Amino acid sequence: MTQLIQDINYHRFLPEELHQDADNLVDYFTYAPFEQPTACPYCGNPHFTGGRDDKKPYWCGRCQRAFSAHTGTPFANCRHHELWGAYAASRLSGLSWKKVSESIGLSTGACKYREKVFNQEMESQFPVLFQWWHAHQERHDLTLTPEVDVQHQQLQSWLEQLRTQPTATCPQCAAVSVRVKETRPDFRCHHCQSSFSLLAGTPLVKTWYMELWPEFLNGLVTGESAWDLSRRLGVTNKRLYQWRRSFLQVMEDKGLDALLEWSRWQRSRRYSQVTKLTREGVEFPVPGRSRMNRRKSRKVQQPEDQ
Ligand SMILES: [Zn+2]
Ligand SMILES: [Zn+2]
């Protein structure tokens with residue numbers, strides 16, 4: 001089981017200063033369920049003896065009660081104590097309950113109970129970790145960890161460069177070529193007369209509206225859905241699903257793994273948030289018409305208006 005825990009990267013979404021707390025929390029869940037009792041959980045008597053009951057192998061002579069090592073602890077009424085450490089590590093690694101129940105083989109009901117214990121113990125023993133964790137789980141706090149932030153800035157600078165760079169090196173003859181379009185990174189080489197785009201061969205080659213990319217990326221990183229972004233950007237959500245795939249592919253191609261995983265994690269958190277709010281009766285406005293349609297409809301409407 002400890003091998004399983006070592007394979008789970010539960011540090012990946014946590015800022016570095018919380019790694020030690022996370023290690024201690026996982027250790028606590030790994031070892032605490034196997035600790036021997038030091039006193040009777042009912043009366044506090046430290047001089048108890050062994051009993052005859054297999055399930056409750058300790059006997060307190062003072063209060064005349066049998067108990068087990070788990071009586072009065074958060075681990076009572078649970079089986080598979082060897083899975084507690086993996087449960088905690090999996091949750092900290094950003095996996096949802098459903099995924100955790102699949103990966104370590106516990107029922108949804110069992111995970112629900114463990115979730116309660118996991119949160120209670122984290123809150124009482126590691127309040128700073130709990131605060132950070134809870135705020136990011138519930139998306140009350142959308143700040144990135146320093147590592148993710150650096151990768152986010154790196155990608156934003158690349159987009160900025162694509163939008164503004166006035167010249168580029170010709171891939172055919174290496175001459176300095178000039179930009180021919182303000183809205184696309186398209187260049188023309190006057191030396192060999194060839195045209196080229198800096199987006200050729202990248203996942204963004206068929207993605208338009210470059211001016212919206214920075215805002216789209218901000219939303220993507222904080223887990224916003226295609227519908228959320230569609231409302232803000234005025235691009236159809238169908239198109240934004242494609243954008244999402246393309247941008248995640250760019251992250252992968254550029255080796256921005258922390259950013260990629262973070263975006264996926266926050267997306268799953270936003271999904272849970274919307275599901276919960278919808279269940280509570282919150283209605284989300286349907287996105288307006290896309291920019292493309294607006295432009296078309298304006299052209300059609302003009303004769304009637306005059
Ligand atoms: Zn007792
Ligand atoms: Zn050239």
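The report covers the metal sites, then a sheet, then a helix contact.

This is a predicted model, in which local features need pLDDT of at least 70, side-chain atom pairs count only at pLDDT 80 or more, and totals for chains, interfaces and linings use all residues. Residues are numbered from 1 along each chain as its sequence is written, chains are lettered from A and ligands numbered from 1 in the order in which they are written, and side-chain values use heavy atoms, with hydrogens and water left out.

**Zinc sites**

Donors are N, O and S atoms within 2.8 Å of the metal (3.2 Å for Na, K and Ca); water is not among the atoms, so sites may look incomplete.

| Ion | Donors | Distance |
|---|---|---|
| zinc ion (ligand 1) | Cys-40 (SG), Cys-43 (SG), Cys-60 (SG), Cys-63 (SG) | 2.3 Å |
| zinc ion (ligand 2) | Cys-170 (SG), Cys-173 (SG), Cys-189 (SG), Cys-192 (SG) | 2.3 Å |

Four donors count as tetrahedral if all angles lie between 85 and 135 degrees. The arrangement around the zinc ion (ligand 1) is tetrahedral because its 4 donor atoms subtend angles of 104 to 121°. Around the zinc ion (ligand 2) the angles are 102 to 115°, so that arrangement is tetrahedral too. The ideal angle for four tetrahedral donors is 109.5 degrees.

The donor residues of the zinc ion (ligand 1) follow the spacing C-x2-C-x16-C-x2-C. Buried means under 20% relative accessible area, exposed over 50%, and partly exposed in between (1.4 Å probe, protein chains only). Cys-40 has 3% relative accessibility and therefore counts as buried, whereas Cys-43, at 28%, counts as partly exposed.

For the zinc ion (ligand 2) the spacing is C-x2-C-x15-C-x2-C. Cys-170 lies in the loop between β4 and β5 and Cys-189 in the loop between β6 and β7, 19 residues apart, a pair that links distant parts of the chain. Both Cys-170 and Cys-189 are buried.

**Sheet**

Helices (H or I, at least four residues) and strands (E, at least two) are DSSP runs, numbered from the N terminus. Strands pair if DSSP finds at least two bridges between them. An open sheet of 4 strands has the order β4-β5-β6-β7 with antiparallel pairing. β4 (167-169) and β7 (195-197) are at the edges with a single partner strand each, so one side of each lacks a neighbour in the sheet. Strand β5 (residues 176-179) is joined to strand β6 (residues 186-188) by 2 bridges, and Arg-179 stands opposite Phe-187 in β6.

**Helix contact**

The axes of helix α10 (residues 237-253) and helix α11 (residues 257-279) come within 8 Å and cross at roughly 145°. Axes are lines fitted to C-alpha atoms, for helices over the stretch in contact, with angles from 0 to 180 degrees between N-to-C directions.

How values were computed
Four donors count as tetrahedral if all angles lie between 85 and 135 degrees; four count as square planar and six as octahedral if opposite donors are over 155 degrees apart and all others between 65 and 115; anything else is irregular.
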